[in-house]
Amino acid sequence: MNDPIGDMLTRIRNGQMRGKAVVETPASKLRGWVLDVLSDEGYIRGYEKKDGKDGHPAFNIELKYYEGTPVIREVKRVSKPGRRVYLGSNDIPTVRQGLGVSIVSTSQGVMSDAKARAANIGGEVLCTVF
């Protein structure tokens, strides 16, 4: 697999289109940090680490719905393996005029765009969620 973050976001997107309550994705540190941001921002109910069907560690992600519609309306991968996108703190875009969130990988960890701007830190923009 070349793009583990893209794979995880696609699993979340597909699970919500099918109305699933829980989706499973292989576990890694970076995926866990991205899920922490999604959980803190209120886009997923939470996640827990368990052993997957093949015996490898996996995350079970609890998806969140509001009145039957998914909370995540759009999730888009910005920085891809073929084209990395690095931005300074002043250049990090706001998503839907502040209604969405960009997830940024910085030297101080993975955080939301608002936290990165407040700390005056730039980094790699992993994805945007609305």
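The model is a predicted one, where local features need pLDDT of at least 70 and side-chain atom pairs count only at pLDDT 80 or more, while totals for chains, interfaces and linings use all residues. Residue numbers start from 1 along each chain as its sequence is written, and side-chain values use heavy atoms, with hydrogens and water left out.

The protein chain holds 3 helices and 10 strands (DSSP runs numbered from the N terminus, with H or I over at least four residues for helices and E over at least two for strands). Read from the N terminus, the order is α-β-α-β-β-β-β-β-β-β-β-α-β. The C-alpha trace spans about 40 × 35 × 25 Å along its principal axes. For 130 residues, a compact globule would have a radius of gyration near 14 Å, and the protein chain agrees, with 14 Å (taken over C-alpha atoms; the globule rule is 2.2 Å times the number of residues to the power 0.38).

Next comes the sheet. Three strands make an open sheet in the order β1-β3-β2, with antiparallel pairing (two strands pair if DSSP finds at least two bridges between them). β1 (22–26) and β2 (44–51) are the edge strands, each with a single partner strand, so one side of each has no neighbour in the sheet. From one strand to the next, the twist averages 25°. Between β1 and β3 (residues 57–63), which run antiparallel, there are 5 bridges; V22 has E62 in β3 as its bridge partner.

Two helices sit against this sheet. α1 packs on the sheet and touches β1 and β3, its direction making about 165° with that of β1 (angles run from 0 to 180 degrees between N-to-C directions, and axes are lines fitted to C-alpha atoms, for helices over the stretch in contact). α2, for its part, lies across β1, β2 and β3 and runs at about 155° to β2.

The helices also meet each other. The axes of α1 (residues 4–17) and α2 (residues 29–40) come within 10 Å and cross at roughly 45°. P4, I5, D7, M8 and I12 in α1 meet L30, R31, V34, L35 and L38 in α2 (contact means heavy atoms within 4.5 Å).
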